[in-house]
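Please keep the picture open as you read.

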Amino acid sequence: KMMKNAIVAQSGGPTTAINASLAGVIKGCLESHEIDVLYGALNGVEGLMDERLVNLTDIFDHNEENLNVLKLTPAMYLGSCRRKLKDVNQDSSEYDIIINIFRKYHIHYFFYIGGNDSMDTVAKLSAYCKEKGVEDIKVIGGPKTIDNDLCGIDHCPGFGSAAKYISTVFCELEQEITVYEPKNVIIVEMMGRHAGWLTAAAALAEGKNGNVPYLVYLEEKPFSLDRFIDDVKEKLASTNAVLVAVSEGVHDTEGRFLCEQEESRELDVFGHTKLSGTGKILEEAVRAKIGCKVRSIELNLLQRCAGHILSKTDIEESGNLGANAVKLAVAGESGLMSSLTRVSDAPYTVEYSGVDIREVANKEKKIP
């Protein structure tokens, strides 16, 4: 019998749930009679092209405990990369290298777990196989991004855990901000340069823990520094504490990020034009124009991989999406992303499917 092997890799930014998706792929492959050996490529397509492979079947076969630990481990077991494949019409050498490695290791199924750029890789590679008449290699994407901005899926694995982290942080800051009598503003800057889903998660906490007003600024709406100062002043007129949630990517009507705008630069006391973070600029603006106690917090990497506060639903769904990717590939599908659709909210149920990778790659789902 001819060997039929599979390979899996991870790419993009680490999250709380991407290893759960990997665990789902491993479980799916171990249980499939179609797949003999599952390899893992280290550091995404870069490791694949360098033949830096590990035998995941050896590591995880008959080891349920290891698989369960992997499922709950944040970040990326196989490591990551940020490599985009070249346009095949300009240079097909990378594609040829990848196909040759697939042939060498009898690879018939390739699973790539990641966000927007990773789905671009899945789209390019599956299109290349189609064009070259390579029908025995199936390429399937596994979704991942805390930004929650992938099209073709109800919500992205990793987002639920990040949203839980963010809303918890805001609940705790509400307690913090009310202990002093003088007026007090805390500004929290969230990831998501091109979509405001993470910032919007702050709203989950509002009113849960007190009556501190929230000001939430999403990337999707043009941002004005003057309007922001007016908003804060208006809230402070009737209360002593205000919490601000802001997307790192807020920009003006011309699309210039706040940190690139002239009026935000002049606030630097040293006269430097160094680009600093959005939250820092807003902190300086409140200090200069309102003069109250103010502090900015950049959640930065903390919101990505907070394994101590992961979401059970997020982890379960991520595992199922991984297993579903294997199911799709073994059924002969290629050029799809493993996906889920929300069936109902009460009771909360989802169903799993595959979506054409061309509906996903290089598109962004913003907050309506």
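His106 counts as partly exposed, because its relative accessibility is 41% (buried means under 20% relative accessible area, exposed over 50%, partly exposed in between, with a 1.4 Å probe and protein chains only). His106 sits in the loop between α5 (93-104) and β4 (107-114); helices (H or I, at least four residues) and strands (E, at least two) are DSSP runs, numbered from the N terminus.

This is a predicted model, where local features need pLDDT of at least 70, side-chain atom pairs count only at pLDDT 80 or more, and totals for chains, interfaces and linings use all residues. Residues are numbered from 1 along each chain as its sequence is written, and side-chain values use heavy atoms, leaving out hydrogens and water.

Most residues other than glycine have a negative phi, and most peptide bonds are trans.

| Residue | Phi |
|---|---|
| His106 | near 55° |
| Asn362 | near 60° |

Asn362 lies in the segment after β11. The peptide bond from Ala346 to Pro347 is cis, with omega near -5°, and Pro347 belongs to the loop between β10 (336-345) and β11 (348-356).

Now for a pair of helices. α1 (residues 18-31) packs against α12 (residues 312-330) at an angle of about 40°, with the axes 7 Å apart; axes are lines fitted to C-alpha atoms, for helices over the stretch in contact, and angles run from 0 to 180 degrees between N-to-C directions.
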